[in-house]
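User: I would like to learn how to read strands and helix packing in a protein model. Could you take me through some examples?

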Amino acid sequence: MFGFLKSIFGGKTDRRAHTLASYQPDVDKINQIFTTLASLTDEQLQAKTGELRQRLQDGASTEDILHEAYAVVKDACRRNRGVEYTVMGKTMTWDMVPYDVQLIGAIALHRGGIAEMATGEGKTLVAVLPMYLNALTGRGAHLVTVNDYLAQRDSEWMGLIYRWLGMSVGVVLNGQYPDLRKQMYQCDICYGTNNEMGFDYLRDNMVLHVEDRVQRDYHFAIVDEVDSVLIDEARTPLIIAGPVDKSTHKFNELKEPVRRLVDDQFQMTQGLIREARDLWKSDKDNDRYEAGIRLLLAQRSAPKLAEFMDIAKEEGIKRMITRVENDYLREKRLHELDAELFFSIDERSHTIDLQEKGRHKLAMYTSSGEEMFVIPDLSTELVKIDEDPALGEEERLRLVDDLNRVYGDRSERIHNISQLLRAFTLYEKDVEYVVQDGKVQIVDEFTGRILHGRRFSDGLHQALEAKEDVNIERETQTVASITLQNFFRMYERLAGMTGTAATEANEFFSIYKLEVVEIPTNQAVIRNDRDDLIYRTKREKYVAITERIRELHAAKRPVLVGTISVEVSEILSDQLRKAGIPHNVLNAKQHRMEAEIVANAGQPGAVTIATNMAGRGTDIKLGEGVVQTDAQGIKTGGLFILGTERHESRRIDLQLRGRSGRQGDPGDSVFFLSLEDDLMRLFGSERIAGVMDRLGIQEGEVISHSMITNSIGKAQRRVEEQNFAIRKHLIEYDDVMNVQRNTVYARRTSVLLGEDQSNTLEEMIDDVLDTLVEKHCDPPLQPEDWSWVALRQDLLRILLINLVLTEEEMNSMAVETLREKLRLLGRETYTRKRELLGPELMPRLERFALLTAFDRRWKSHLAEMDELKAGIGFQAYAQKNPLVEYKKQGLDMFHDMLMGTYEDALQMITRANLEIRQEDTEFKGRGDEGAQAHHQEAGLLQSGGSMAPKTTSREELEAARAKKEPIKREGPRVGRNDPCPCGSGKKYKACHGKED
């Protein structure tokens, strides 16, 4: 059957052979042109750049000149062999000329694909050919890397060829000043990281002068380590944020009570485990089932507690826990079990629920009432207040305000407790984060690097700061945001390269429309990938790893030990130190010598411990004597890869394996696992534990079989599917924001570019006046019942229009007539203002007013959309699709935001005085010093000011003195915190209730 399927779909080898055959005609043509270039002088070859540029200007396409351009680059590489130059302060000698398989990779990149090339196949050089070709258009080409080191190194390393061919090369790095960044983007070829380029896009759409923008066209980009950037990091949007007006968190107040609650639950869990051990000794099924109930409670109470992990590996325990859990889930009684705990933990979904017993404990620890930890039902309480006949209007309003205050205070309190519980129970120091220089720093789970400047979202980072007793930074709110998916989809042409992309081929195509092309290796891979070795406990595993490393070190075999956390790398380092084995450690704490440590990892007897190898970007070249050849001419030895745990992503494991066996070198790879590893514990250990039980595996013994390795692969696929669902969910919601973002940024760009805004402003006046008429003049009502006073106030406030009508005119007015009259008055007011300020001052005022209004309202809109998204999931309980409801409500809120923007801008323009100082209309700097990427929270941002009038008009004073006429209400009274009847999705007090 397998052979039949393989004949249809093809295996990896078949697919690569097909790639080789389909691209061979292109490769032959490039090489044919390459041979003809040898007769040219250096100057003649360099002149080819100008000739190719001219052909593009004359109408040729990049595809038309691809073969010649690639041949030119290949010959430039040949001619520069032996040239010495400096890269990152070190002298290097150029010695690379593209192989045929590298030409195939370069063609695939130009044609908008993802080139999957094994480690050591020279992806850095491959990118030079399509970058040169696409830079010939004059619109620039971007090479996106995963960190500043690689961006700078590759720009200098490959810069020799670019500059020799007459191309300018730039690199965008963290901390560069805007003027320098702008110069870098103007180069033909620009290297930079995904974060820096994404942030520059957001910052460019926040400046108040077009000359402050640094980026230009989004023409062509190649993403290096494309799986790391577009898959792994795509779960985290880029966010620029500013400080909130007032800090309201209670982390300092609640930290110690929550710490005590966690300790109490741990003690409870230990008691449950002791009871379970006694019950498990019985031969009765009922007693053992009771033991299973207590152990399921322990699992939902403290799944990472050492005592629980010890008992869970005993024979039959995991199966019983699963049996009990399935019974409770089937009977929908799991909540009854959770109610016996202070808080329940679902480790798979990474969530925690505070239970009634936990609220009682916290009330005792904080010397407050238990109701302080219960959020009131806002809608029910508002109805009670509204329907109480004994309350007067003032008393009713006071009670509503008190209820809102209590609701906000308790919501914040419960949220802070939830995040503190997550920080104390689910997030481990030196695993998910490290503490350096008095700050909590996130560790990238895929690369092992510190993500400087990033913060966990939704208060979690502040909870971790409270847990670690470091300074708790102030809350922030989003002022600009975009997902990496939507940023990179702006490029006209996008390509990528990596050593591992095939496992995510479906996601690449469905989101980015990028096809994965598996490029054959230059030489066959002869690395021996062995089956996993599985032990019962981590302790047994670490002992076996230390012994294997000792053997390999004694045999002068270089070993690369891959770990998935800082904690494990330091545990192993300590064991090797005690064993007297010299070694290097590369993790989030020791990363400054990264390139040097990795480069020397192939020397005889070298032992290197590295926390994840994704995106390291440095080849491990084998030292002399590491590779031997036997009597039959077969190569042996090479780099030995020793994985200490399976990562939840198969790609990370493949990247680790791929460090060995480059360019035909021999090598070996094997993973040492235990049933206590997170992946095994959560997804795969039950069946494997059963196999161990049946085989009678004793402590210290190991099991290894391809069936078990395949079972682990299935567990990884389940995790990958879950992560894909997270990314898909993120982009579905961000697609709604993306339409809105593009609309706002397009209008903002129009203003920045100095385009005439008079027609736009006249349309804004019409829209605002139409909205006011709809708001105050309800057609079903008679004209005498319209809200004439409120209409006059709004007209004066926004446009300084003094609407004067006789009582007879008001009583006989038709809606359409009123609308036309107001439009005429609005246009006249705007025209007078233009004539008063003149052609020089008026455009400056309009520009300032529009930019300020857009920025202020967009910032508020982002916060409101975040709130909407946070609560939209509850729509599912009403049998509604949350995404559909998010789109509908988001559209209404966006319309309200635009109307608010128009009102703000028109108010500034009509009320501004003639005396406009130069500094009032100039923006001091980019104000982006606090830009940060998130998991999702950020630093500081200075917001723009507003322009206020120095005087109050006579009409406004008269309106203020006027006695407010009674307004008739039709239908039931709307509470201030009820949804606004207009359907905007906002509370009444924040919408049409503003005028009440």
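**Reading a strand and a helix pair**

Analyst: Start with one pair of residues in this predicted model: V171 has Y191 of β6 as its bridge partner.

User: Which strand is joined to β6 by three bridges, and how do the two run?

Analyst: That strand is β5, residues 169-171, and it runs parallel to β6. On the other hand, strand β4 (residues 141-145) is joined to β6 by five bridges, also in a parallel arrangement. Within β6, C190 is the residue opposite H142.

User: What do β5, helix α10 and β6 make together?

Analyst: They make a β-α-β unit, and it is right-handed. Helix α10 covers residues 178-186.

User: Is β6 largely enclosed or open, and why?

Analyst: To judge burial, look at relative accessible area: under 20% counts as buried. Five of the five residues of β6 (residues 189-193) are buried, so the strand is largely enclosed by the rest of the structure. Check each face in turn: I189, Y191 and T193 lie on one side, C190 and G192 on the other, and all are buried.

User: Now the helices. At what angle do α30 and α33 pack?

Analyst: Helix α30 (residues 758-776) and helix α33 (residues 815-871) pack at about 140 degrees, and their axes are 8 Å apart. The crossing of α30 and α33 is right-handed.

User: Which residues make the contact between α30 and α33?

Analyst: Among them are L761, I765 and L769 of α30, and L818, L822 and Y830 of α33. By type, the contact residues of α30 and α33 divide into 10 nonpolar, two polar and nine charged.

Definitions and conventions. Residues are numbered from 1 along each chain as its sequence is written. This is a predicted model: local features need pLDDT of at least 70, side-chain atom pairs count only at pLDDT 80 or more; totals for chains, interfaces and linings use all residues. Side-chain values use heavy atoms; hydrogens and water are left out. Axes are lines fitted to C-alpha atoms, for helices over the stretch in contact, and angles run from 0 to 180 degrees between N-to-C directions. Helices (H or I, at least four residues) and strands (E, at least two) are DSSP runs, numbered from the N terminus. A crossing is left-handed if the near helix is turned anticlockwise from the far one by less than a right angle, and right-handed if clockwise. Contact means heavy atoms within 4.5 Å. Ala, Val, Leu, Ile, Met, Phe, Trp, Tyr, Cys and Pro count as nonpolar, Asp, Glu, Lys and Arg as charged, and the others, Gly among them, as polar. Buried means under 20% relative accessible area, exposed over 50%, partly exposed in between (1.4 Å probe, protein chains only). Two strands pair if DSSP finds at least two bridges between them. A crossover is right-handed if, with the strands pointing away from the viewer, the path from the first strand over the helix to the second runs clockwise.
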